[in-house]
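I opened the model today to look up a few local features. These are my notes, in the order I took them.

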Amino acid sequence: MRAQPMGRLGRVDRRSWLGKVRDAVDTLMKHSPSRFAILIFAALIVLFTVLFSLPIASADRQVTPLHDAVFTAVSVICVTGLATVDMATHWSPFGNVLVFIGVNIGGVGVLTLASILGLVISRRLGLRAKLIAASDSNPSRIHVGPVSERQAVRLGEVGGLLATVAISALVIEVTIAIGMIPSMLAAGYDAWHSFWYSFYYSAMAFTNTGFSPNPGGLEPLVGDYWFQSLLMLGVFLGSLGFPVIFALARAWRQPRRWSVHVKLTLATTSILFVAGAAMFLLLEYGNPKTYGQLDAGPTVFQSFFMSMMTRSGGFSTINMHDLNGSSLLVSDMLMFIGGGSASTAGGIKVTTLAVLFLAAFAEARGAPSMEAFGRRIPRDMLRLSVSVVLWGATIVAVSSIAILQITKQPFDYVLFDVISAFATCGLSTGLTAELPPEGVYVMAATMFMGRVGTVTLAAALAASQRRQLFKRPEERPIVG
């Protein structure tokens with residue numbers, strides 16, 4: 001028998017090893033896509049923790065403490081924006097590049113995974129891939145009756161959706177960055193810093209992260225309404241969700257062709273934006289620490305800015321701890337709701353809130369089903385929405401209790417920062433930066449669960465679907 005050359009054997013062994021890895025990944029994606037998503041998130045966090053721990057990543061060339069490196073990695077990959085170190089001064093150019101790359105991976109790459117995740121689950125259930133539910137992907141449960149073609153992202157269109165993710169992110173970030181450069185130059189920064197800061201802020205706005213690369217953050221730009229408007233535009237576009245951008249790109253001149261998901265997202269987002277601004281205007285116009293010293297025009301503008309940023313943007317022109325208690329509660333509510341499904345925003349998602357209100361209105365009217373824009377919403381969407389809300393409320397409650405016990409700080413400040421972590425918003429009363437290591441790990445876990453929780457829950461619900469050939473006797477408990 002003729003001996004095989006060693007080089008050829010090595011190539012065969014490598015191919016065999018790669019094939020086994022590919023088969024293992026395919027099996028995991030097929031049988032447990034929710035675990036696959038968690039592994040992807042965890043692997044990215046471990047990788048960036050190691051990178052942030054390197055001396056080259058810090059400005060003083062010292063090793064960053066493990067809890068700070070872990071927290072920064074989680075905040076970057078989960079596009080949160082909370083920090084335990086000064087993001088403008090602690091990191092070296094290498095560290096800042098890691099942050100920039102990480103938020104784009106976390107805000108766009110992981111969402112691409114979420115889209116693929118929805119496709120994998122939908123194939124398993126025999127449904128077309130959809131991104132319409134109240135989570136980062138839509139493993140829609142069993143539908144009653146036919147599914148409208150224009151309500152679904154068909155299997156053949158997934159490639160177009162993923163292309164939309166990449167192209168829209170690139171075009172939006174570049175366009176906003178170019179618009180920001182004049183503001184940076186006017187603020188006194190040199191050409192290089194103006195270019196870098198503009199692209200950094202643009203990425204942070206579109207990914208709804210909220211980090212600032214310059215010392216002082218938005219303080220040098222507090223009177224630049226053009227720059228702040230661009231920030232709001234980036235946050236708004238990022239929070240819509242890629243399925244909405246995909247639908248608008250295909251039929252932006254034909255609103256009648258928009259799906260219920262697109263209409264619900266746009267309508268609910270607009271209502272929350274205006275209502276949030278009205279509440280901040282009403283509650284803060286007399287507060288001398290926030291808007292009390294501003295004229296009418298700037299007060300109105302800053303109220304809208306605050307309303308947009310509390311939804312998941314993470315930027316602020318005021319100190320959060322200076323807000324009235326009533327405004328902190330309004331901020332908590334807006335952060336908890338978050339943005340659109342399959343977007344760079346966090347929270348329980350606006351479509352979840354919309355479905356819950358539609359269910360409440362249907363119950364009040366005695367209607368047999370939920371309806372919106374001439375379409376009936378399947379009842380299983382209500383069950384999924386309730387599950388997402390309860391999952392989020394449980395995370396916030398447990399984390400708040402832990403942080404309260406660790407820090408002994410006021411409840412309203414703790415609740416604000418915990419919801420900001422869960423909803424990946426990034427606003428803070430200053431509590432997070434002062435946390436001891438054990439508190440830092442609790443907040444990091446909160447960010448992680450907040451980012452992957454809705455995806456994992458939706459995937460688990462869809463993957464656990466099984467056929468039941470019998471029904472148990474029905475009995476109604478007393479509710480309400």
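I call a residue buried under 20% relative accessible area, exposed over 50%, and partly exposed in between (1.4 Å probe, protein chains only). The model is predicted, so I read local features only at pLDDT of at least 70 and side-chain atom pairs only at pLDDT 80 or more, while totals for chains, interfaces and linings use all residues. Numbering runs from 1 along each chain as its sequence is written, and side-chain values use heavy atoms, without hydrogens and water.

**Entry 1: aromatic pairs**

I started with the rings. Rings of Phe, Tyr and Trp (its six-membered ring) pair if their centres lie within 6.5 Å; planes under 30 degrees apart are stacked, over 60 edge-to-face, and the rest tilted. The structure has 14 such aromatic pairs. I looked at Phe100 and Trp196: the ring centres are 5.8 Å apart and the planes stand at 50 degrees, so this pair is tilted. Phe100 sits in helix α4 (residues 93-125) and Trp196 in helix α6 (residues 191-206), so the pair links parts of the chain 96 residues apart. For these labels, helices (H or I, at least four residues) and strands (E, at least two) are DSSP runs, numbered from the N terminus.

Trp196 also pairs with Tyr200: centres 5.5 Å apart, planes at 70 degrees, hence edge-to-face. Both residues lie in α6, four residues apart, about one turn of the helix. An α-helix has 3.6 residues a turn, so residues three or four places apart point the same way. Are Trp196 and Tyr200 buried or exposed? Both are buried. Trp196 has a relative accessible area of 18%.

I also noted one aromatic cluster, formed by Phe48, Phe52 and Trp91.

**Entry 2: helix α6**

I stayed on α6. The helix has 16 residues and spans 23 Å from its first C-alpha to its last, close to the 22 Å expected. The expected span is 1.5 Å times one less than the number of residues. How much of α6 is covered? I find 12 of its 16 residues buried. Among them are Ser194, Tyr197, Phe199 and Met204.

Then I checked both ends. At the start, a side-chain oxygen of Asp190 comes to within 3.2 Å of the backbone nitrogen of Trp192. Just after α6, Asn208 has a positive phi of about 60 degrees.

**Entry 3: helix α7**

Next was Gln228, in helix α7 (residues 225-240). Gln228 is buried, at 1% relative accessibility. What does its side chain contact? I find a polar contact with the side chain of Gln302, at 3.1 Å. A polar contact is a pair of N or O atoms within 3.5 Å; within protein, one must be able to donate a hydrogen and the other to accept it, and residues adjacent in sequence count only if both atoms are side-chain atoms. A polar atom of the Gln228 side chain also lies 3.1 Å from the backbone oxygen of Leu221.

Leu240 is buried, with a relative accessible area of 3%. Its C-alpha is 7.0 Å from that of Thr265, 25 residues apart along the chain.

**Entry 4: surface**

Last, I looked at the outside. Met279, Leu281, Leu282, Tyr285 and Val300 form a nonpolar surface patch, with about 450 Å² of accessible area together. Helix α9 (residues 260-284) gives the largest share, three residues. Met279 belongs to α9 and is partly exposed, at 34%.

Technical notes: Patches are made of residues with over 30% relative accessible area and no salt bridge: like charges are joined within 9 Å, nonpolar side chains (Val, Leu, Ile, Met, Phe, Trp, Tyr) within 5 Å. Accessible areas come from the Shrake-Rupley method with a 1.4 Å probe; for residues, only the protein chains shown count as cover. A salt bridge is a side-chain nitrogen of Lys or Arg within 4 Å of a carboxyl oxygen of Asp or Glu.
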